[in-house]
Every structure is written in C-alpha cells, then in structure tokens.
Amino acid sequence: MLRLSLDAKATVKVGDYSRGGKNRVQIHAADHDFHPDARVTPVGILLPRYDELTLYAVTSKVTSDCLADILRHWWDANKERFAPVKTLVLNLDNGPESHSRRTQFLARLVEFVAETGIALQLAYYPPYHSKYNPIERCWGVLENHWNGDLLDSVETVVHFARSMTWKGKRPTVELVTKTYPLGVRLKQKAMAVLETQVRRLVGLDKWFVEIRPDTVRHGTV
C-alpha cells in the first residue's frame, strides 16, 4: 500500500505582476492584475513516506480528466519502482473536480483500476480541513520561493518549480499543455452503473471510497 497526497494549487497569472516577497535586485512590477499572458495551475503529487514531490504545471483548466491523466502518468512513470504495491491511498480535499460525487472523476478512476489492476482508496478531508492534506504544505514553500520575482512566462514558472526544495529534495516537474474541456460528466443511468463498482464506507460514504479490481472487472464503465 502506498499513500499519495494529490491537490492543485491556486492558478498563477503569468505576467509582470508584483507578488510580494523580497529580492536583492530592484524589480519593477505591475500592482494590478491586468490581462495575463497565460495561466498556470500547479498540480502536485506528494509521497509523505518518502518526502518526494512531483509537480505538473498545467496551462489548461484543471478538470477531472486532467487530474486522472496526471495520476495515470505518475503511476506509469513509477510502477516499476513500486511493483509490490497493490493499493494506492489518495488523500484529497473536497474540491469540485475531484470530490467523491464527481461523476467523471470516479469514471476515470474506475478506468484506472480496470486497466492497471491497482486498487484505489480515496480518503477525503472534510470542508475547512484540507490544510491537513500533506501536499498543502508544499504550496507555501513554492510561494516563498518565487515571491519577489516576476513570473513573466510559463517557462519561468516551471524553472522556479524545479529549483524549489521540499525536505531537501528538488521536485520532478513537468509541463502539461493539453487542453481539457469543461463540463464533462456522466448521465444519471451511467452513474448508477458506476456506483455498483465502487464501495463507500458506511456512515462516511462521501469521505472514503474504495475501487477494487475484482469489482470493476465484472462491471461496465
């Protein structure tokens, strides 16, 4: 069993904007958020046991499909290293694109389990408690690292992400430029079928969901 902490940071507006902080060199910056040149949303996967951080700089809107793709990309890159692992425990907040009733998110995770044979346990933090999700502590470090500088290009955002450290280690950073459409969701009938392939903890059905290979292989996504 391997625990992963997954979350997206607030979207960063790319441009000559003041972000506070201090710099040894005097920098001229805009004091208002005008039309940004681009937007980047950092999405992170943290392994609390190993203090290892992977960051994805997403230039599109972060959707359920985006988060599912990132999880699959991370697993494909690390599955040989964690070959004995049979279950991934995902710590998540109750964000709109990843909560346990988000139909497209659950559909993509069922697909992940069916294709990889790896079980998923989704452990959600309740409202106003997402700060306890370990990945949240990384965002403050990233903010302190680039504050005082200008994030005037996507490349600059990626550079600062790569040069930060978490517990003495530099993160792995990748740029994600795929465009994700908004509003993708399952219809009620398809969701009813999907619910037969997931298990919700009695009494905490919104906060703990399990998806197992022996369940999804006999169903229809």
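**Exercise 1. At roughly what angle do the axes of helix α3 and helix α4 cross?**

Solution. The structure is a predicted model, in which local features need pLDDT of at least 70, side-chain atom pairs count only at pLDDT 80 or more, and totals for chains, interfaces and linings use all residues. Residues are numbered from 1 along each chain as its sequence is written, and side-chain values use heavy atoms, with hydrogens and water left out.

Step 1. Locate the helices: α3 covers residues 136-146 and α4 covers residues 154-163. Helices (H or I, at least four residues) and strands (E, at least two) are DSSP runs numbered from the N terminus.

Step 2. Two packed helices are described by the angle between their axes and the distance between the axes. Here the axes come within 10 Å and cross at roughly 115°. Axes are lines fitted to C-alpha atoms, for helices over the stretch in contact, and angles run from 0 to 180 degrees between N-to-C directions.

Step 3. List the contact (heavy atoms within 4.5 Å). Helix α3 supplies Leu142, His145 and Trp146, and helix α4 supplies Val157, Phe160, Ala161 and Ser163. By class, five of these residues are nonpolar, two are polar and none is charged. Ala, Val, Leu, Ile, Met, Phe, Trp, Tyr, Cys and Pro count as nonpolar, Asp, Glu, Lys and Arg as charged, and the others, Gly among them, as polar.

**Exercise 2. Decide why Thr156 counts as buried, and list its contacts.**

Solution. Step 1. Thr156 lies in helix α4.

Step 2. Thr156 counts as buried because its relative accessibility is 18%. Buried means under 20% relative accessible area, exposed over 50%, and partly exposed in between (1.4 Å probe, protein chains only).

Step 3. Leaving aside neighbours within four places in sequence, Thr156 touches Leu150 and Leu151.

**Exercise 3. Place Asp51 in the fold and find its contacts.**

Solution. Step 1. Asp51 sits in the loop between β3 (38-47) and β4 (52-58).

Step 2. With a relative accessible area of 25%, Asp51 is partly exposed.

Step 3. Apart from neighbours within four places in sequence, Asp51 is in contact with Leu46, Trp166, Lys167 and Lys169. Of these, Lys167 is 116 residues away in sequence, yet its C-alpha is 6.5 Å from that of Asp51.

**Exercise 4. Summarise the chain as a whole.**

Solution. Step 1. The secondary structure comes to six helices and nine strands.

Step 2. Of the 221 residues, 46% count as buried.

Step 3. Among contacts with a separation of 6 or more, 72% join residues 24 or more positions apart.
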